[in-house]
Amino acid sequence: MGYADFYALMPPDNAATVAPGTDVSFPQDGPNSGTGIARSGPSSFTLTEIGAYQVLFQVSVTEPGQLILTLNGEDLAYTVAGRATGTSQIVGMAIVETTAVNSVLTVRNPEGTAEALTITPLAGGTRPVSAHLVITQIQ
């Protein structure tokens, strides 16, 4: 059992827009425990054990849009989170079950969406704002 918090600060992380079919970067490491959840790149994360994981994410975006979790490159349709208007966060949460060791998880702007997403810098003030991906192994 373990947990990991991966995050991005805007600015400077995610400086460019996140195009449809592209993963959101969470390039910085927060608190973590255990070795079952590991970074495999700035936007991909390896779940080393077969099991169940609680996954939470939040990303401030400027445009209406959606984000989805992928596992081993496949969309997990039940994990889509989005918003229609305004400038606020997209927040998602789901239980993800793996059936193979070293499964790779991402947060993606899904294919087929109309536009790229701007990860909002300095939302609501003068300090960089954070986006988070928190993964907790629960089984």
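Arg108 and Asp23 pair up in a salt bridge, with their closest N and O atoms 2.7 Å apart. This ties together distant parts of the chain: Arg108 sits in strand β11 (residues 103-109) and Asp23 in strand β2 (residues 22-23), 85 residues apart. Both Arg108 and Asp23 are buried. Keep in mind that this is a predicted model.

As for the background, side chains of opposite charge can pair when their charged atoms come close.

## The other pair

The structure holds 2 salt bridges. Besides the Arg108 and Asp23 pair, there's one between Asp29 and Arg39, where the closest N and O atoms are 2.7 Å apart.

How about cover? Asp29 has a relative accessible area of 47%, so it counts as partly exposed. Arg39 comes in at 27%, so that residue is partly exposed too. Contrast that with Arg108 and Asp23, both of which are buried.

Leu56, Val91 and Met93 make a nonpolar surface patch of about 290 Å². Leu56 belongs to strand β6, which covers residues 52-61.

Why does Leu56 count as partly exposed? Its relative accessibility is 31%, and partly exposed runs between the buried limit of under 20% and the exposed limit of over 50%.

Definitions and conventions: Residues numbered from 1 in each chain as written. Predicted model: local features only at pLDDT ≥ 70, side-chain atom pairs only at ≥ 80, totals over all residues. Heavy atoms only, no water. Patch = residues over 30% accessible without salt bridge, like charges linked within 9 Å, V, L, I, M, F, W, Y side chains within 5 Å. Areas by Shrake-Rupley, 256 points an atom, 1.4 Å probe, with all protein chains shown as cover. Salt bridge = Lys/Arg side-chain N within 4 Å of Asp/Glu carboxyl O. Helix = DSSP H or I, 4+ residues; strand = E, 2+ residues; numbered from the N terminus. Buried < 20%, exposed > 50% of the residue type's maximum accessible area, 1.4 Å probe, protein only.
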